[in-house]
4 protein chains.
Amino acid sequence: MTFTILIDTPDKEGLVYEISSIILKTGFNIEKNDEFVDKEHNHFFMRTIIKKEHNISKNNLYQSLSQKLPKESNIRIFEDTKKSIVILCTKEPHCLGDILIKNNIGELNVDIKAVISNHENLRELVEKFNIPYFHISHKINGAEHLIIQKCKELNPSFIILAKYMQILSPTFVEAFHQKIINIHHSFLPAFIGANPYKQAYDRGVKIIGATSHFVTNELDCGPIICQDIMQVNHTYSWKDMQKAGKTIERVVLAKAIDLAIENRIFIHKNKTIIF
Amino acid sequence: MTFTILIDTPDKEGLVYEISSIILKTGFNIEKNDEFVDKEHNHFFMRTIIKKEHNISKNNLYQSLSQKLPKESNIRIFEDTKKSIVILCTKEPHCLGDILIKNNIGELNVDIKAVISNHENLRELVEKFNIPYFHISHKINGAEHLIIQKCKELNPSFIILAKYMQILSPTFVEAFHQKIINIHHSFLPAFIGANPYKQAYDRGVKIIGATSHFVTNELDCGPIICQDIMQVNHTYSWKDMQKAGKTIERVVLAKAIDLAIENRIFIHKNKTIIF
Amino acid sequence: MTFTILIDTPDKEGLVYEISSIILKTGFNIEKNDEFVDKEHNHFFMRTIIKKEHNISKNNLYQSLSQKLPKESNIRIFEDTKKSIVILCTKEPHCLGDILIKNNIGELNVDIKAVISNHENLRELVEKFNIPYFHISHKINGAEHLIIQKCKELNPSFIILAKYMQILSPTFVEAFHQKIINIHHSFLPAFIGANPYKQAYDRGVKIIGATSHFVTNELDCGPIICQDIMQVNHTYSWKDMQKAGKTIERVVLAKAIDLAIENRIFIHKNKTIIF
Amino acid sequence: MTFTILIDTPDKEGLVYEISSIILKTGFNIEKNDEFVDKEHNHFFMRTIIKKEHNISKNNLYQSLSQKLPKESNIRIFEDTKKSIVILCTKEPHCLGDILIKNNIGELNVDIKAVISNHENLRELVEKFNIPYFHISHKINGAEHLIIQKCKELNPSFIILAKYMQILSPTFVEAFHQKIINIHHSFLPAFIGANPYKQAYDRGVKIIGATSHFVTNELDCGPIICQDIMQVNHTYSWKDMQKAGKTIERVVLAKAIDLAIENRIFIHKNKTIIF
């Protein structure tokens with residue numbers, strides 16, 4: 001059996017030694033180990049993949065670690081099981097389609113529990129892949145409440161906003177704390193808000209980009225997971241930028257989903273530490 | 001003899017035909033030709049390099065073109081002569097040093113008329129290359145006026161702000177309209193103003209960048225010439241970002257100077273068209 | 001109506017003038033114009049998009065151009081109609097899936113006439129999108145002949161090798177001269193032939209890449225259309241490289257298809273000129 | 001005092017625990033720690049930066065480590081002192097100039113003991129920075145022997161081939177085993193040998209690159225340290241590629257020198273592991 005352990009805790013001497021000592025005593029082999037100390041906040045992060053032939057419960061391992069480590073430690077242990085996602089989208093199909101096809105061909109290893117949209121136009125695409133599609137128009141009363149209920153019911157590991165053009169309420173954000181991943185079509189913090197390609201075109205930039213980030217209550221200001229860019233020039237209209245940018249959006253969102261489901265991301269003080 | 005012609009004018013039918021017709025009649029060969037029409041503003045841009053064995057004055061060529069082209073046309077003709085620059089800097093040597101060395105080894109083909117700084121610390125470096133160095137402290141009364149006077153006297157093709165940490169007054173900007181090139185150490189419009197690396201670190205971005213642009217009266221908002229970025233991650237302190245970013249700053253500023261002295265840049269409505 | 005004209009011809013004085021003159025006389029507006037002169041071979045290339053309200057036959061326009069231009073000129077005129085492709089693949093779904101989904105959502109504007117594979121495993125994916133799927137095993141006698149026949153019958157604008165693991169015979173290459181586009185999973189000319197990621201891993205490179213190119217009789221040596229790369233490091237096994245590389249392969253092949261169907265590519269002396 | 005410890009050894013259980021245990025017992029704090037296991041060769045790599053207020057000799061620390069670790073372990077301990085280099089070059093100044101200026105302004109923290117060239121033309125540049133310049137023409141008998149002698153006498157941490165256009169003999173390579181760093185102006189393994197830009201131009205590639213690597217007896221085949229590329233297109237002559245490529249060459253060589261002098265590189269089976 002394989003576990004991935006994520007530990008973060010105020011830094012102190014000997015943490016690597018202590019943690020590796022505990023793991024060895026439980027009879028696990030360390031397959032992969034990464035550490036980082038944030039010197040600004042004096043905080044320690046460690047991600048360890050461990051393996052053992054005989055079974056041991058996650059709880060027992062957690063007990064061993066939490067007894068020896070400082071109380072302030074944040075210890076998470078993940079079994080090697082498939083994660084699940086719910087995808088929220090509006091009308092644009094390119095990020096959604098990329099996730100669907102990658103999942104279908106096994107390149108993305110995730111259980112897509114459902115796609116929820118405030119429009120009907122993406123149903124045909126989604127149902128090609130035998131994924132449940134829920135149309136919840138944002139025009140009806142309590143639309144967001146219905147979406148939250150549906151998400152709670154489906155209980156996914158992560159909620160993916162694949163070009164979802166609605167702003168989530170604090171209630172929504174709180175209900176899925178650090179579990180909602182958005183793709184924004186600019187290199188944040190440039191061009192926050194609506195129509196970033198139009199903003200980029202008007203500013204005359206020579207690069208456009210995309211940013212995947214966790215959603216917080218401040219619009220487009222959550223912890224950044226990854227970003228990429230491409231060069232553009234004066235021949236690009238903003239529609240050309242929008243078209244070209246789709247490729248970066250797809251790549252950046254897919255990368256973020258991969259990192260999330262592989263338990264590679266720590267969130268600390270509105271930043272990500274990614275191993 | 002070789003001329004580079006830059007023409008921009010409200011678009012209308014047959015401009016390429018008309019301009020190439022005039023050029024042919026003057027007995028020139030077209031060596032290289034680039035055109036672009038900005039469909040949003042319906043504006044035409046053309047850059048043409050022409051060659052001829054026998055001599056012809058720039059003025060005669062200008063007359064031929066301006067007589068036939070619409071009155072609103074903006075016609076610039078550049079002879080194949082070395083451009084000159086004056087460099088303004090503060091204390092940081094990396095962009096300055098890069099320009100000095102590239103010019104020394106012939107990779108940058110420009111006449112550096114002087115370096116003006118509000119500090120003394122760069123004098124030794126500059127004088128190694130036998131370039132005049134003027135120290136004009138920003139603490140003395142009328143410092144900017146003195147700098148403007150010195151620049152007017154030296155009359156360079158372009159003024160290069162190679163990490164010049166003072167904001168230019170509208171008087172300065174106006175005196176060298178579309179001739180002042182700045183390097184800003186972020187991918188604008190993100191992180192305008194002071195200490196962009198600290199801002200980038202605090203925001204937790206995964207890319208840092210640099211932007212060269214013409215200086216206008218709005219801080220860091222002039223027409224962008226070129227931009228580049230590099231990937232960073234959680235292991236970078238803001239000092240690490242600052243150190244790594246120097247490479248991008250150097251590359252982006254050197255590129256902008258090259259484009260400017262090769263007469264490749266049009267400025268139109270706060271954007272650049274670059275051939 | 002809109003036409004795209006591609007002209008290439010030995011360079012001589014006044015070609016831009018002449019061609020634009022002919023176009024104007026036929027009553028067309030020039031929407032976009034790009035030229036290039038290959039100084040090494042003294043060869044001229046021009047791509048022009050022209051527009052007119054009233055109809056004119058392609059043939060008439062061709063006549064006007066060919067009468068005035070030198071006999072050696074290669075003149076191609078494309079109407080603004082949808083191109084078609086046939087996709088050849090083996091077992092890997094990632095490039096195929098990307099083309100299918102992009103076409104389905106309208107991001108790629110092409111008529112996919114069929115997918116031909118020497119295996120059965122991709123049928124389900126292809127048929128989701130109502131595209132004909134032909135399984136022609138390479139183990140049967142005359143398999144390639146059957147594929148050629150099928151392609152001739154379908155008569156596509158381009159044949160796309162989306163990870164097709166068979167080498168085409170000269171007969172095949174000749175039958176679809178300059179119409180077959182391949183994706184090779186390395187930055188050519190590095191790692192020609194089988195298993196480039198394993199080759200790249202063994203060499204210890206720090207970048208991996210992908211190359212789209214026209215197929216000629218020399219393996220992986222045809223005219224390159226586009227290339228892209230990504231940084232890797234010592235933590236990548238060759239399987240990791242293979243997985244990560246899929247993203248570049250998809251992007252580079254999709255880009256090449258876009259350029260081809262938009263009539264942007266000239267082929268000259270085993271190189272491409274792309275506007 | 002600060003030490004950087006590089007340990008590589010056949011992998012076995014508990015190495016991180018063991019090594020961190022030894023370090024803690026010597027009273028050091030671990031400032032930074034990175035590990036990697038090469039699963040293909042079952043080999044373990046660890047780089048640790050440790051700090052302590054009181055002094056301890058490097059030898060004592062080495063003893064503690066080598067007594068407890070397996071005999072096959074390769075243990076290197078570096079004090080926090082300035083490294084030194086000798087630069088070999090031929091006629092091209094751009095990489096040399098970049099190193100000289102970066103060192104002068106403190107961006108590169110190294111002691112340049114001398115520049116050795118088989119030509120005279122770079123003397124003036126080098127002597128501006130008060131660095132000894134030795135001209136040893138390759139035309140004289142025993143030229144290489146003289147260079148080896150000079151290098152042995154100067155005893156630098158690394159020898160940097162900054163566009164040195166001579167092939168080193170096995171004697172030379174052996175005398176400075178894993179200490180000679182070269183910059184090759186292509187993305188290796190493409191375009192090994194002479195004039196890679198011409199080769200790249202002839203092949204019609206859409207990217208050009210540069211590679212820094214340790215020198216071995218097989219030409220351009222040593223362990224790769226870093227690589228970078230830039231996009232080019234049909235408008236680039238091979239002279240244009242050569243000019244544009246200088247920027248990548250400079251950046252890639254400077255990066256390699258930084259990594260080497262910061263003790264970040266392991267060499268194992270013709271590959272580098274870089275922390």
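Guide: Helices and strands here are DSSP runs, numbered from the N terminus. Also keep in mind that this is a predicted model.

Visitor: What is the phi of Asn195(A)?
Guide: The general idea comes before the case: most residues other than glycine have a negative phi. Asn195(A) isn't a glycine, yet its phi is positive, about 50 degrees.

Visitor: And which peptide bond in chain A is cis?
Guide: As background, most peptide bonds are trans. The bond from Leu188(A) to Pro189(A) is cis, with omega near 5 degrees. Pro189(A) is found in the loop between β9 (180-184) and α7 of chain A. In chain B, the bond from Leu188(B) to Pro189(B) is cis too, with omega near 10 degrees, and Pro189(B) lies in the loop between β9 (180-184) and α7 (196-203) of that chain.

Visitor: Now the helices. At what angle do the axes of α7 and α8 of chain A cross?
Guide: Helix α7 (residues 196-203) of chain A and helix α8 (residues 238-261) of chain A have axes that come within 9 Å and cross at roughly 125 degrees. That angle is why α7(A) counts as oblique to α8(A). As for handedness, α7(A) passes α8(A) in a right-handed crossing.

Visitor: Which residues make that contact?
Guide: From α7(A) you have Tyr197(A), Lys198(A), Ala200(A) and Tyr201(A). From α8(A) come Trp238(A), Met241(A), Gln242(A), Gly245(A), Lys246(A) and Glu249(A). Sorted by type, the residues of this contact are 5 nonpolar, 2 polar and 3 charged.

Visitor: Let's move to interfaces. How many residues of chain A are in contact with chain B?
Guide: 33 residues of chain A touch 33 residues of chain B. About 2700 Å² is buried between the two chains, with carbon and sulfur atoms giving 56% of that. On the chain A side, Arg203(A), Lys206(A) and His234(A) lose the most area to chain B, together 27% of what that side buries. The salt-bridge count between chain A and chain B is 0.

Visitor: How many salt bridges are found across the interface of chain A and chain D?
Guide: There are 2 salt bridges across that interface. The side chains of Glu31(D) and Lys39(A) meet in a salt bridge, at 3.3 Å from N to O. The contact takes 13 residues from each of chain A and chain D, and the buried area is about 1200 Å², 50% of it from carbon and sulfur atoms.

Terms used. Residues are numbered from 1 along each chain as its sequence is written. Chains are lettered from A and ligands numbered from 1 in the order in which they are written. This is a predicted model: local features need pLDDT of at least 70, side-chain atom pairs count only at pLDDT 80 or more; totals for chains, interfaces and linings use all residues. Side-chain values use heavy atoms; hydrogens and water are left out. Axes are lines fitted to C-alpha atoms, for helices over the stretch in contact, and angles run from 0 to 180 degrees between N-to-C directions. Helices (H or I, at least four residues) and strands (E, at least two) are DSSP runs, numbered from the N terminus. Angles under 35 degrees count as roughly parallel, over 145 as roughly antiparallel, 65 to 115 as roughly perpendicular and the rest as oblique. A crossing is left-handed if the near helix is turned anticlockwise from the far one by less than a right angle, and right-handed if clockwise. Contact means heavy atoms within 4.5 Å. Ala, Val, Leu, Ile, Met, Phe, Trp, Tyr, Cys and Pro count as nonpolar, Asp, Glu, Lys and Arg as charged, and the others, Gly among them, as polar. Buried area is the accessible area (1.4 Å probe) that two parts lose on being put together, summed over both. A salt bridge is a side-chain nitrogen of Lys or Arg within 4 Å of a carboxyl oxygen of Asp or Glu.
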